[in-house]
Amino acid sequence: LVPKIIGRVDEARITKAQSDIKAIESALKMFKMDNGFYPTTEQGLLTLIEKPEIDPIPRNWKRGGYIDREEEPLDPWGNRYLYRSPGDESRDYEILSLGADSEEGGEDFNADIKSYEIK
């Protein structure tokens, strides 16, 4: 007998990406509470780690940042999370992982994981 492990690794990666995105969303909300706006697409998620030097400069950026990391977070496949602000369809922002294939679109394990689709 052989245990059925095919697909379990990818399922775990999807769950990890969803968890990471929720944590990033919490940090973005704290950033907005302190500064009155979300980081721009150009500023990116690095703004949660170090104070940006491009406008708009946050006036109340907290020393030490908003997430406990020294580098921008990577998804479970080793790629940067995509961040857009404003997002599509009147969303303040969106965070995406491109999934196992690292390309936009896809199905099953290759599907994009989007902040606004996580429950």
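Two aromatic rings from Phe, Tyr or Trp count as a pair here if their centres lie within 6.5 Å. Keep that rule in mind, and keep in mind too that you're looking at a predicted model.

By this rule, the count comes to five aromatic pairs. Let's look at one of them, Phe 31 with Phe 37: the ring centres are 5.6 Å apart and the planes meet at 85 degrees, so this pair is edge-to-face. The cut-off behind that label is an angle over 60 degrees. Phe 31 and Phe 37 also belong to one aromatic cluster, together with Trp 61 and Tyr 66. And is Phe 31 buried or exposed? Phe 31 has a relative accessibility of 0%, so it counts as buried.

Now step back to the whole chain. The protein chain has one helix and three strands, and if you start at the N terminus, the order of the elements is α-β-β-β. Taken along the principal axes, the C-alpha atoms fill a box of roughly 60 × 30 × 20 Å. The chain has 119 residues, and 36% of them count as buried. If you take the contacts between residues at least 6 apart in sequence, 41% of them join residues at least 24 apart.

Next, the inside. The largest nonpolar core is made of 21 residues, and Leu 28, Leu 48 and Ile 95 have the most contacts within it. Which element gives the most to this core? That's helix α1, residues 8–35, which supplies seven residues.

Leu 46 gives another view. You'll find Leu 46 in the loop between α1 and β1, the strand at 82–84. With a relative accessible area of 31%, Leu 46 is partly exposed, because that value falls between the 20% and 50% cut-offs. Leu 46 and Ile 67 are 21 residues apart along the chain, and their C-alpha atoms are separated by 9.7 Å.

One last stop brings back an aromatic ring, this time with a charge. The charged end of Arg 91 sits over the ring of Tyr 116, at 3.5 Å from the ring's centre.

Note on methods. Residues numbered from 1 in each chain as written. Predicted model: local features only at pLDDT ≥ 70, side-chain atom pairs only at ≥ 80, totals over all residues. Heavy atoms only, no water. Core = buried A, V, L, I, M, F, W, Y, C linked by side-chain atoms within 4.5 Å. Buried < 20%, exposed > 50% of the residue type's maximum accessible area, 1.4 Å probe, protein only. Helix = DSSP H or I, 4+ residues; strand = E, 2+ residues; numbered from the N terminus. Phe/Tyr/Trp six-rings, centres within 6.5 Å; stacked < 30°, edge-to-face > 60°. Lys NZ or Arg CZ within 6 Å of the ring centre and 35° of its normal. Contact = heavy atoms within 4.5 Å.
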